[in-house]
Amino acid sequence: MLCCDKEEAMSLKVNAKIVIVGCGISGIAAAHRLVKAGFHHVRIVEATARSGGRIKTGSLGDNIIEIGANWIHGPSEENPVFCLARQYGLLDPEALTPENQAMDIGGHPPWVPNVFTSSGRKLNIEDVAPAVEMFAELLEQSSEFQSQGGEPYASMGDFIRSEVRRQAAEKWKDVDAAAISTRLHVVSNLLKVECCVNGSHSMDDVGLGAFGLYKTLPGLDCTFPGGYEGLIKNLMSELPGGLVTYNQPVQCVHWSNTEKRENPVEIECEAGERITADHVIITVPLGYLKKHHSTLFRPPLPLHKLHSVQRLGFGTNNKIFVEFDSPWWDADCEVIYYLWEDEDAMVDQVPDIQRSWIKKLFGFTVLKPTERYGHILCGWIAGHESEYMETLSEQEVMQGVTQLIRRFTGNPTITPRRILRSQWFHDPWTCGSYTYPGRGCSLQDLENMMEPLPTKTSQAQPLQVLFAGEATHPCYYSTVHGALLSGWREADRLISHYSSISPSELPRSKL
Ligand SMILES: Cc1cc2nc3c(=O)[nH]c(=O)nc-3n(C[C@H](O)[C@H](O)[C@H](O)COP(=O)(O)OP(=O)(O)OC[C@H]3O[C@@H](n4cnc5c(N)ncnc54)[C@H](O)[C@@H]3O)c2cc1C
């Protein structure tokens, strides 16, 4: 009898129909794990014509550029993206060295900067270092509020501004007014950098307590010399052909909160196709969920899950790649920062977005090595200013960037050869860039995000709708490794469900 049940459970596993919505890294990772574990009926349904989602490699002239994910954050043994990239031979030798893996940078690589002001001055490191150091210490301290369980300030932005004001009055009391003003403009610039790192409009939108939920891994961030999409291509080549249906947006997932029935989930596609399944793994971005949750689920998401979708932040961070015939920055420069001397001190929002959106661009990172990329800079701009930038023509963006560079360098002849920018906010299947913990968020919100439906209290068939994707990882949200781990996690949830299945849990039709 027991043997028969076991056999039945095994055949249930093999025959279980699993649909994954979204062919980004989390969907691919889930499919990989399930297929490897012996599930025969796994299918990915993807809205666009391509795999990879927010991993998207493009080109500017003859050069490879990353329109989406850029770095492996924390490339070391604990990072599965690093381990896979190493296994597939996708990394430069320096990234593989034990020294690189051991470097603990706490999420902020020690880049060599060039700093320019709006009056065309190039600053010395000594002019900016005190503010940079103070800012770095505050970021480190802010992580502690998570474990201390208190939020003495309204947001990360409020904390940083208040503490800089307090510490400046104490530590910089003998410094002259002009130098203090420069330091406060450095703080504005670093707040704009943090908006890009977090994908938020302002650091005033980022929760102080929850900021420390994000964990970094050791290792100096590295890139994929042949493009991040190499990782996608390698993973896809190991999946059975035909597993992905492209150009098939899912419109509604019908699940059951009340009854036990065979194939309890029905996935309704925009084109009209209806796919029945035992389980569906949803990997659509949080931005898409925020916009479409009310039509994407029938019945709708339970309130606690919906509130977490709303509370968690999902903002925009875009890149503007700019190519030049020759460099106008120092040979060793890795990042260029811009300080607006006409701005109020310590601001990370622009008052008149249409006229002054460019003020939100914190600066550029330099694509290295030069022998590989030539002279390409990558500009970074977050928030509503970035969303507005997406609506401009490429020509208008090029004009804005050219004026900016000419003004800050004092060199009116600098002319970019060409540019290319990302437009993640207006991407209908992403609706922004990545997740950050908004004000009032806690670990519970990320746990609610990953909770399957129906919830434990229901009598209906368990694990009908599962949730993966970067926004569901408790400490690596916003990253590729977080997304990948979330896909594995949900695959493992199904694998352990089927390995522990007991006769009482078999669907009614099978009893
Ligand atoms: C500008 C930018 C820079 C970044 N830089 C880094 C970095 O340097 N390092 C790093 O680790 N991370 C970075 N990230 C984040 C990283 O790219 C993401 O965390 C990760 O790729 C998300 O994977 P995912 O599978 O969760 O989602 P996605 O890759 O977004 O996949 C979701 C998929 O779902 C599809 N979809 C959406 N709606 C539907 C629907 N209705 N029906 C069917 N399919 C649908 C989408 O088309 C997409 O293919 C960056 C992201 C951006 C935007």
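Author: In helix H13 (residues 303-311), the buried residues are Lys-305, Leu-306, Ser-308 and Val-309. Buried means under 20% relative accessible area, with exposed over 50% and partly exposed in between (1.4 Å probe, protein chains only). Helices (H or I, at least four residues) and strands (E, at least two) are DSSP runs, numbered from the N terminus. Seen down the axis of H13, the buried residues fall within an arc of 160°, so they line one face of the helix; the arc is that of the directions from the helix axis to the C-beta atoms. An α-helix has 3.6 residues a turn, so residues three or four places apart point the same way. The cover over the buried residues of H13 includes helix H12 (286-296), helix H18 (443-450) and strand E20 (465-467).

The model is predicted: local features need pLDDT of at least 70 and side-chain atom pairs count only at pLDDT 80 or more, while totals for chains, interfaces and linings use all residues. Residues are numbered from 1 along each chain as its sequence is written, and side-chain values use heavy atoms, with hydrogens and water left out.

In domain 1, 16 residues are in contact (heavy atoms within 4.5 Å) with 17 residues of domain 2.
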